[in-house]
Amino acid sequence: MALEEKFAEVENNEFYSAAYQRFLAEGKLIGSRCRTCGHVCVPPKPICPGCHGGEMVLEEMKGKGRLLSYTVITVAPPLMVEEGYDRNNPYCSGIVELEEGAKVPARIVNVNVRNPEKIELGMGMSIKYLKIGQGNERKTFLAFEPTP
Amino acid sequence: MAKHRKLGRGVAVVGAGLSKFGAYPKGVRTTDLFVEAFKDLESSVDKGFDSRMIDAFYLGNLSSDLFESQVHLAPAVANRIGLVPVPTVRIEDACAASGVAFREAVIAVASGIYDVVLVGGVEKMTNLDTPQVTEVLASALDPDTEVPAGLTFPGIYATMATAHMAKHGTTEEDLMWIGIKNHYHGSLNPKAHFDVSISDFMKKRAESAVKKGLPKPQWHTELDFMKDSKQNPIIAWPLRLFDCSTICDGASCILVVAEEMAKEFTDSPIFVVGTGQASDYFLAERDDLTSIQAAKLAATQAYEMAAIGPKDVKVAEVHDCFTIAELIAMEDLGFYEPGKAAGAIRDGETRIDGKLPINTDGGLKSKGHPIGASGTGMVVEIFKQLREEAGDRQIKVKDPDIGLAHNVGAHGSTVVVNIFERR
């Protein structure tokens, strides 16, 4: 196998990072399901953390889940400051448990960040892909919002 | 899986050193900070020692690479303290760097390969501004999920806090008591970054308000001050400024020797009787957000090796990078049942005059959290407390014979627990 082919194979490996990001940009949240024990991971893992088996299949998540926990951040990292978040414009991040069983950190949008104590744990969440930035800098971020 | 592990031979701590923690000027190098700790260590070895006896050097450090554009730090530090040509090792396990380095030094001595090992940690963080430091720290998070979600370290621990509150009814006030307690302890530690109690802060802030011609603030208690959002603003709800450890510079080090040689250095060595370490997934993947599995596993290993239980511990240093982390640590280490730690803190059980003093040096909150220096910094405090050399902050418990140090890397994806005994 030519070296270029090997590199392309690694880059395109659906269980590696680059592919996860590429799928996200296409509006797909991808995980892996273990053929042996059924364990689901998002992002996909090449080796099952449940049974240590290596027979993993790719699976697109349906994008439904519930809010497990969250925070409302006022002191933002540079990435979020660039998007205009700060003390006067805080944002919510949290952890969503998907119907498939995997749990993912994500931005939580369309919740009342002015009253963080009112955000309800356990509430139903639906996926939303945030497209941020222009041109080559345009990136897709995983977010969830309360299911209406 | 359960395997009873033991050290190949006994290992003792015979010296401990700490630099003053704080924000040093930009010109002060990481390597020079370590010299400060090493000089302090030299003066702590009762019978003195010749540094040519040191067989190897282990150094914990998060990122001199990003903070100071210097890599290959371990030999550079060895060079400053006259250790060349001993073998040197730098260990990076996020905030557990030097706790892990300590464990590795113990394992190396126990193996018989070395007799005398210097182990320490150092970090010079303040050359960068706070957003830059936050970004460096966030490089310990998952770049595919946690970082794009906008999570920061306060955000990660805040997420654990929210879950703990929902499951156990923990309140923001419960967390404030931890900050109050750790600042009280820190006020008794001249080496602490913020060696001031919350009462001291209140006095200073009130004086400065009056000086500026503003009305004198009306706080009656330390808790009033902590609840004042102007003084104690939200960083990542429900965590506020005084729930977060400090960004600072500092160094710490420990002299670890084979037990049979300990009396050459001191008549009162402290013995390493248990050590344990585990890893964990990124936060979201865990079964429980209100507890850190790696801490429970590391503690179980250490307790089993030491043949003791949590009830035998007389003093503990736990990783309070955020107040919620101290609360969770108290439960993960088995000191309190899940959901019961908050009440114990409120009752003063973990103050220096309580029945299980925790973070007697002020913890990462008040003493400071120069990342790489924190793990061995905890061991320095246990060494002092077990030898009853902690001065004003010496615990009141009679016969302090067992101490424990719990050091967490990142959100708990590394945890190391070390247990010490005086005989």
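Helices (H or I, at least four residues) and strands (E, at least two) are taken here as DSSP runs, numbered from the N terminus. The structure is a predicted model, in which local features need pLDDT of at least 70 and side-chain atom pairs count only at pLDDT 80 or more, while totals for chains, interfaces and linings use all residues. Residues are numbered from 1 along each chain as its sequence is written, and chains are lettered from A and ligands numbered from 1 in the order in which they are written.

Along the principal axes, the C-alpha atoms of chain A fill a box of roughly 55 × 35 × 25 Å. Of the 148 residues in this chain, 33% count as buried; a residue is buried if 20 or more other C-beta atoms, placed from the backbone, lie within 10 Å of its own, exposed if 12 or fewer do, and partly exposed in between.

The strands of chain A can be followed next, where two strands are said to pair if DSSP finds at least two bridges between them. An open sheet of three strands in chain A has the order β2-β1-β3, with antiparallel pairing. Because β2 and β3 (56-60) of chain A stand at the edges with a single partner strand each, one side of each is left without a neighbour in the sheet. Strand β1 (residues 30-34) of chain A is joined to β2(A) by two bridges, and the two run antiparallel.

Eight residues of domain 1 of chain A are in contact with 10 residues of domain 2 of chain A, contact meaning that the C-beta atoms of two residues, placed from the backbone, lie within 7 Å. On the side of domain 1 that touches domain 2, α2 (17-25) and β2 (40-41) of chain A each supply at least two residues. That side of domain 1 has six nonpolar, two polar and no charged residues. In this count Ala, Val, Leu, Ile, Met, Phe, Trp, Tyr, Cys and Pro are nonpolar, Asp, Glu, Lys and Arg are charged, and the others, Gly among them, are polar.

How does chain A meet its partner? In total, 29 residues of chain A are in contact with 27 residues of chain B. The largest share of the side of chain A that touches chain B, six residues, comes from β4(A), and by class this side has 21 nonpolar, six polar and two charged residues. Two bridges also join β4(A) to strand β5 (residues 234-237) of chain B, with the two strands antiparallel. Within β5(B), Ala236(B) is the bridge partner of Ile73(A).

Finally, the nonpolar core is a set of buried Ala, Val, Leu, Ile, Met, Phe, Trp, Tyr and Cys residues joined through C-beta atoms within 7 Å. In the largest such core, of 173 residues, Val13(B), Val117(B), Tyr157(B) and Val256(B) touch the most other members. Helix α4 (residues 97-111) of chain B gives the largest share of this core, nine residues.
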